[in-house]
Each structure stands twice: as structure tokens, then as C-alpha cells.
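These are my notes from a first look through one model. I wrote down each thing I looked up, in the order I looked.

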Amino acid sequence: MQILVTGAAGSIGQTIVPGLIALGHTVVGLDRLPPPGGYDAPWHVADCADADAVLDALSAQPVDAVVHLAGHPDEANLPDSLTSHVITTAALLDAMVTIGIDRIVYASSNHAVGRSPRPAGPERLLHTDVVPRPDTYYGVGKVAAEALLRLFVDRHGIHAVACRIGSFLPEPVTTRHLATWLSPADCVRMVHAALTAPAPGHAVIHGISANTRAWWDLEPGRALGYLPQDDAETYAGSIRWRPEDASEAALVGGPFAGSAFIRPALG
């Protein structure tokens, strides 16, 4: 499969690109930055918010699918967040429809539902059909991008998988991460499954590893063939308790759902 990966120079991109190549795929990179050292595959330097540049990149060589990782990975004001997450997705979807590409895997986020209370008791897992409750303007952007994917699935019959990524890190470093960690190896497994699942239509899956303390339901991902193999519990003995652990566990968005991220939408 020939795959265009946006945000290919980012932290997740630098894991996904070699991971997909190792699995036998051909990867075309797209980023506002030049390729990292040692990268010798096709690469486009462009902003995903530039619709003409996106169309040019997707038209330059045959592409079977898009993995959309580009976007500011932290909080910003609302206009910037919408540009970073929604306008970029729209540019890609328009180009895909124009060219005839019918599969996109989108790096969404747990912050699309970050103000959801952490499940407890018998219903201890949050399911993918929960009502969106973003915790930030970053989360709002992810919710809107997911809605845009749904629209293009319904209008144009494409296949779109939104991966609500938890905490993508080499290893967990806080108590919250014991529930939310996504290992680099499992991230590759997740994206590969989303790319190769037969006709997923519109799907939302949780982007976490097989964590013993998981807050989120992994069954939607397993239904697409995502079988995570890593568990944050391996690192539990090295993680020290912190006073903020309790507040970070109250809502699934953790610190993003706290007062430090409250700011004017247009500020």
C-alpha cells in the first residue's frame, strides 16, 4: 500500500513512517519541516491547511490511503485550533475525493472526550459512543474533525478511522499514564490495522496499549484488527505518587481538563 503520512516529521510521524515501511508499505511524507536525517523516501514540504499544496502532494504519485497526523499537539486559541485540526482535515478530504482516495486514518485524541468523568464500578471503561465532551479548544478541534470525517463517509463513501490517542510516550511516567499509555510499537500496530481493516466505514477507536488499568474500551479497535501487545503496568513499580494524581484521574482528559487550560476562545 502507498500511504501519504502528514505530520511525518513529528513525534508520532517519526515512529509511524519507519514502522509502516518495515511492514512493507511505501510511505510519502508531508510536513512543514524537511525530512529527518536519513529519510530517503518521497517527501513534500507543505502546510496541510493549504488546499492547493495538499492536492499537489496527493497528485504527485499514486496514493492508496492517508494517515493524518499533522496538527498542533497542544492547546491554542480557538481559530488556530480549528485551522490546525479541521481545516487541514478538510483540505485532505477534498483532495482525496477529487483524486479518488478512499481511506484515511486520523490522529484524534482522548481530549475530544476529556471532560468525561473517569468511569468507575461495573462501567469502568469509557466507550467510543460517549457524547463528545472536549476539555480544551484542542479537543474542540478534534471533535469537529471527527464530525467532518463522518460527513465525508456519509457523502462520499470513503473509509475513515479516528484514533483517539491517549498518551503517546516511550514509556509511562505518571499514574495517569498507567491507564492512558500508547506505546510506539502499539501505535504502529494501531495505524496498520486501521489502514488494512476491510471496509471499516466510519470508525472511532481508542489509541492506547493493552493497559491493565485502562479507562477506555479497546474492543472497537480489536474489531478492526488492532491487537495491542504492550501494558503500562510493566512500569508501575518505577512511577512515584504525586499530589496531582487524584485530580488528573477525575476526568479522562487529565491536566487538560484542569483550570490551567481555561482561557478566552479568541484570546
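**Notebook: rings, pocket and cavity**

I looked up Y235 and found 24% relative accessibility, so Y235 counts as partly exposed (buried is under 20% relative accessible area, exposed over 50%, partly exposed in between, with a 1.4 Å probe and protein chains only). The model is predicted, so local features need pLDDT of at least 70 and side-chain atom pairs count only at pLDDT 80 or more, while totals for chains, interfaces and linings use all residues. Residues are numbered from 1 along each chain as its sequence is written, and side-chain values use heavy atoms, with hydrogens and water left out.

**Aromatic pairs**

I looked for ring pairs and noted five aromatic pairs in the structure. Rings of Phe, Tyr and Trp (its six-membered ring) pair if their centres lie within 6.5 Å; planes under 30 degrees apart are stacked, over 60 edge-to-face, the rest tilted.

Helices (H or I, at least four residues) and strands (E, at least two) are DSSP runs, numbered from the N terminus. W181 has 3% relative accessibility and therefore counts as buried.

I also noted one aromatic cluster, formed by Y138, F256 and F261.

**H111**

Where is H111 found? I located H111 in the loop between β5 and α4. Its relative accessibility is 9%, so H111 counts as buried. Leaving aside neighbours within four places in sequence, I listed its contacts (heavy atoms within 4.5 Å); among them are R133, D135, Y138, R176 and F256.

**The largest pocket**

I looked up the largest pocket next, and its volume is about 1,000 Å³. Of the 40 residues that line this pocket, G71, H72, P73, D74 and Y138 are the closest to its centre. On a 1 Å grid over the protein atoms alone, a pocket is an open set of points with protein on both sides within 12 Å along at least five of seven lines; a cavity is a set where a 1.4 Å probe fits but cannot get out; lining residues have an atom within 4 Å of a point. Grid points are joined across faces, edges and corners, and a volume is the space filled by probe spheres set on the points.

The largest share of the pocket lining, five residues, comes from α3. By class I recorded 15 nonpolar, 18 polar and seven charged residues (Ala, Val, Leu, Ile, Met, Phe, Trp, Tyr, Cys and Pro are nonpolar, Asp, Glu, Lys and Arg charged, the others, Gly among them, polar).

**The cavity**

How many cavities of 30 Å³ or more does a search of the whole structure find? I noted one. The largest cavity has a volume of about 40 Å³. I listed its lining as V67, L69, V105, Y106, A107, C163, I165, M190 and V191. The elements giving two or more residues to this lining are β5, β6 (159–165) and α6 (184–196). By class the lining has nine nonpolar, no polar and no charged residues.

My last entry is on α6, whose buried residues include M190 and V191.
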